[in-house]
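I opened a new page in my notebook for this one. Below is what I looked up, in the order I went.

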Amino acid sequence: MRRLRSIAALCLPLCLGLGLAGCGLTRPPAAAPAPFPAQWHAPLPHGGSLASLADWWRQLDDPLLVELIAAAEAASPNLASAAARVAEARSTRVQAGAALLPNLDGTASASRGVSGSSFGSAGASSSSSSTAIAPLTTLQAGLQSKWEIDLFGRLRADRDSAEQKFNSATAKWHEARVAVAAETANAYFAERACQQQLRVSESDARSRGETARLNDLSARAGFTAPADAALARASASDASGRLTQQRALCAVQRKALVALSGIDEPTLEQKLAASPAQRALPAVGSIASVPAQAISQRPDVYAAELGVASASADVGSAEAERYPKLSISGSIGRMQIRTSGFRESLDTWTIGPVSLTVPLLDGGARAANSDAAKARYTEAVSLYRANVRQAVREVEEALVNLDATDARTTDADAAVKNYQASFDATQARYSSGLASLFELEDSRRTLFAAQTARVSLQRERTEAWVALYRSMGGGWARPESPSMTSNPAAKVATSP
């Protein structure tokens, strides 16, 4: 009966703790309102849907670009670092969840020694007594357990914070993938544009070189003034210098693509040579009028949103640190003693101690930690809202640039076509002696400028196209989004 009363007395605090474990302190809101505008303030492209973002690069029908992006992802140190942070966050999440459960440790020990005892008749001299020495073996095994009862939700808050940080790290891994893909695509398009400009420069240099050669022949025959021949040679030298500079720029650009993709330069050159130099950009899919439907699919926005939830849980944990902690421990064991044919086993068990720790005086440290957690929460909310504003800006800038470059493309093509016709006519007139060399060179410079402007415009358009891909999240979908089941990009969510 006495043992039952003792057990009841020990279990009373445990039952009380379990009853209070459901009581948690109030945390700040885990979700903060974001400054999403009512609609886009930029021209919206039409003809598709947001789901097409998942296959953004495949729309070009350019296998080489897809291959380069995959190679860049495999070689990217930023992506490797992001994957390591995901693994670290996953381990932290496991640790935080395990703190809510009792821990259990097994112990085992063995020792061997000797024991001695003296015996003899009473009153006998020391010489008549003897000492018996026998080996003594002691074996012990047991289980020990300790459990901190989550009275005020501190451990649950730590678990929730770790969960949100893990999800945030996963989203940042996707953000790193999007960034690598965008950087690689920009480098690839820049290399292609550089090659187009190189061809323009080569054509211009050949044309000016031929004009200089013919003028030199005519000047030696006395039909052309030496000044005109010098002007033609100067024009050819300018073109040759520009061609050399363009070749250097293309070589530098190619090396940047080699560094990004990790593919050796000879192999990359072969792949580029075997792939078409220019492909038309596909039509951009339509975008919903409510930015939240699109911007919330950005990994960085989602990570910032999770940062608010994690900071909220941290506030709850810091507040709970200011309140009592209750823990209980216990153990069971078995010990066996062997000596001189004698063997004895003992079974032991304990419940307790039940420990209640009440913070009394800490110099304001716990209150300061709580205030710091609240300050970090305020910062997280501010960063989230700023991230959303920046996302809206990036999307609208990409839409404006894409629309503007699309509108300028027709004019640029028309300008090159007409300047080419003007140059051809001027060259024919010059060959017939009806136009001066100055007129020919002026027409040539105008054509070269128009061709260069068209190449630059094509480069701008690809940059805007890539910027839109990146600003819309690169086809990634939030874990709670229904499209995760059908979005190929979502399948890599557990890859790190």
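This is a predicted model: local features need pLDDT of at least 70, side-chain atom pairs count only at pLDDT 80 or more; totals for chains, interfaces and linings use all residues.

**Entry 1: the overall picture**

I started by asking how many helices and strands there are in the protein. I found ten helices and four strands. Read from the N terminus, the elements go α-α-α-β-β-α-α-α-α-α-β-β-α-α. Of the 496 residues, 38% are buried. I then looked at contacts between residues at least 6 apart in sequence, and 84% of them join residues at least 24 apart. The accessible surface comes to about 26,700 Å², with 56% of that belonging to carbon and sulfur atoms.

I checked the confidence next. The mean pLDDT is 81, and 81% of the residues reach 70 or more. Over residues 121-126 the pLDDT is below 50, and beyond near neighbours in sequence this stretch has zero contacts in the model. Residues 481-496 also have pLDDT below 50, but that stretch has 25 contacts beyond its near neighbours in sequence. I put a pencil mark beside both stretches.

**Entry 2: helix 5**

I picked helix 5, which covers residues 226-261. Its 36 residues reach 53 Å from first C-alpha to last, close to the 52 Å expected at 1.5 Å a residue. Which of its residues are buried? I noted Ala229, Ala232, Ser235, Ala236, Ala239, Leu243, Gln246, Cys250, Arg254, Leu257, Val258 and Ser261.

What do these buried residues pack against? I traced them to helix 2 (63-75), helix 4 (154-220), helix 6 (265-274) and helix 10 (437-471). Just after helix 5 comes glycine 262, which takes a positive phi of about 75°.

**Entry 3: helix 10**

Helix 10 was one of those partners, and I ran the length check on it too. Helix 10 has 35 residues and spans 50 Å between its end C-alphas, close to the 51 Å expected at 1.5 Å a residue. A glycine follows here as well: glycine 473, with a positive phi near 95°.

I turned to salt bridges. Side chains of opposite charge can pair when their charged atoms come close. My count for the protein came to 33.

Arginine 247 forms a salt bridge with glutamate 202, with 4.0 Å between the closest N and O atoms. This pair links distant parts of the chain, since arginine 247 is in helix 5 and glutamate 202 is in helix 4, 45 residues apart. Are the two partners buried or partly exposed? Arginine 247 has 44% relative accessibility, so I wrote it down as partly exposed. Glutamate 202 has 23%, so it is partly exposed too.

I stayed with glutamate 202 for a moment. Leaving aside neighbours within four places in sequence, glutamate 202 is in contact with Leu243 and Arg247. The C-alpha atoms of glutamate 202 and leucine 243 are 6.3 Å apart, though 41 residues separate the two in sequence. Leucine 243 was on my list of buried residues in helix 5.

Arginine 254 forms a salt bridge with glutamate 269, again with 4.0 Å between the closest N and O atoms. Arginine 254 is in helix 5 and glutamate 269 in helix 6, so this pair ties together parts 15 residues apart in sequence. Why does arginine 254 count as buried? Its relative accessible area is 14%, and the cut-off for buried is under 20%. Glutamate 269 has 34%, so it goes down as partly exposed.

**Entry 4: a network of charges**

I also found Glu148, Arg154, Asp158, Glu321 and Lys325 linked in a network of salt bridges. One of its links joins lysine 325 and glutamate 321, at 3.2 Å from N to O. Lysine 325 is partly exposed at 29% relative accessible area, and glutamate 321 is partly exposed at 25%.

**Entry 5: a nonpolar patch**

Last, I looked at the surface. Leu104, Leu143, Ile332, Trp349 and Ile351 make a nonpolar surface patch of about 480 Å². I looked up one member, leucine 104, and found it in strand 1 (residues 103-119). Leucine 104 has a relative accessible area of 56%, so I noted it as exposed.

Notes:
Residues are numbered from 1 along each chain as its sequence is written. Side-chain values use heavy atoms; hydrogens and water are left out. Helices (H or I, at least four residues) and strands (E, at least two) are DSSP runs, numbered from the N terminus. The expected span of a helix is 1.5 Å times one less than its number of residues. Buried means under 20% relative accessible area, exposed over 50%, partly exposed in between (1.4 Å probe, protein chains only). Contact means heavy atoms within 4.5 Å. pLDDT is the predictor's confidence in each residue, from 0 to 100. Patches are made of residues with over 30% relative accessible area and no salt bridge: like charges are joined within 9 Å, nonpolar side chains (Val, Leu, Ile, Met, Phe, Trp, Tyr) within 5 Å. Accessible areas come from the Shrake-Rupley method with a 1.4 Å probe; for residues, only the protein chains shown count as cover. A salt bridge is a side-chain nitrogen of Lys or Arg within 4 Å of a carboxyl oxygen of Asp or Glu.
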